[in-house]
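Hi everyone, thanks for coming. Have a look at the model on the screen, and I'll talk you through a few spots in it.

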Amino acid sequence: MTENEEQLDVVNDNGDIIGTLPRSKIHGDPSLLHMVVHVLVFNTKSELLLQKRSMDKDVAPGKWDTSVGGHVNAGELIMDAVMREMEEELGITTCGPEFLYSYIHSNDYEAELVHTHKCVYDGEIEFQQEEIDEVRPWTLDEIKGVMGKGILSDNFEHEIGIYLKYIK
């Protein structure tokens, strides 16, 4: 652990904080549930902006992923994390996100309590080039057409499955 390493709250299934640990202790241990935020950024044509994760990422390198996604830091409010992540990842500061739903995503590497939000934005995108290789809008039909083909992150495939049920 480094001195400036991200500290994350460990939570139960209800989102109640039960401890705080460094990210390096949480990632790699799916028994430690931690909170993340996702923002589905749509344009006015109903296309969903996806980001292609950097090959340097420890989770899903090179895969297309949720518009915005990131950890909720220890003690941070969920909406503060949403706004911080939108600005850090895509340079968006003028989008009013709306809460949609929460769910648990778990795999062999980690377990996350995901708080998903949505916003509509047609402005300039200035993505974080250290963590993102590319961004582009996708139609929902394009996304459905590549599901299960190894192009999208498993986290995003879980997310979009929940979103598609949510909008029906």
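I'll start with the aromatic rings, then go to charges over rings, a histidine and a pocket.

Quick housekeeping: this is a predicted model, where local features need pLDDT of at least 70, side-chain atom pairs count only at pLDDT 80 or more, and totals for chains, interfaces and linings use all residues. Residues are numbered from 1 along each chain as its sequence is written, and side-chain values use heavy atoms, with hydrogens and water left out.

So, how many aromatic pairs does a search of the whole structure find? It finds 4. Rings of Phe, Tyr and Trp (its six-membered ring) pair if their centres lie within 6.5 Å; planes under 30 degrees apart are stacked, over 60 edge-to-face, and the rest tilted. Trp 64 and Trp 138 have ring centres 5.3 Å apart and planes at 65 degrees, so that pair is edge-to-face. They come from distant parts of the chain, 74 residues apart: Trp 64 is in strand β5 (residues 64–65) and Trp 138 in strand β9 (residues 132–138). Strands here are DSSP runs of E, at least two residues, and helices are runs of H or I, at least four, numbered from the N terminus. Both Trp 64 and Trp 138 are buried, meaning under 20% relative accessible area with a 1.4 Å probe, protein chains only.

Next, Tyr 101 and Tyr 103: centres 6.1 Å apart, planes at 45 degrees, so we call this pair tilted. Tyr 101 counts as buried at 9% relative accessibility, and Tyr 103 is buried with 9% too.

Now charges. The charged end of Arg 136 sits over the ring of Trp 138, 3.8 Å from its centre, and Lys 118 lies over the face of Phe 42, at 5.3 Å from the ring centre. The rule is NZ of Lys or CZ of Arg within 6 Å of the ring centre and within 35 degrees of the ring normal.

Is His 27 buried or exposed? Buried, at 9% relative accessibility. His 27 is in the loop between α1 (23–26) and β3.

Last, the largest pocket. A pocket is an open set of points on a 1 Å grid over the protein atoms alone, where a 1.4 Å probe fits, with protein on both sides within 12 Å along at least five of seven lines; lining residues have an atom within 4 Å of a point. Here 28 residues line it, with Arg 53, Lys 57, Gly 69, Gly 70 and His 71 nearest its centre.

Terms used
Buried means under 20% relative accessible area, exposed over 50%, partly exposed in between (1.4 Å probe, protein chains only).
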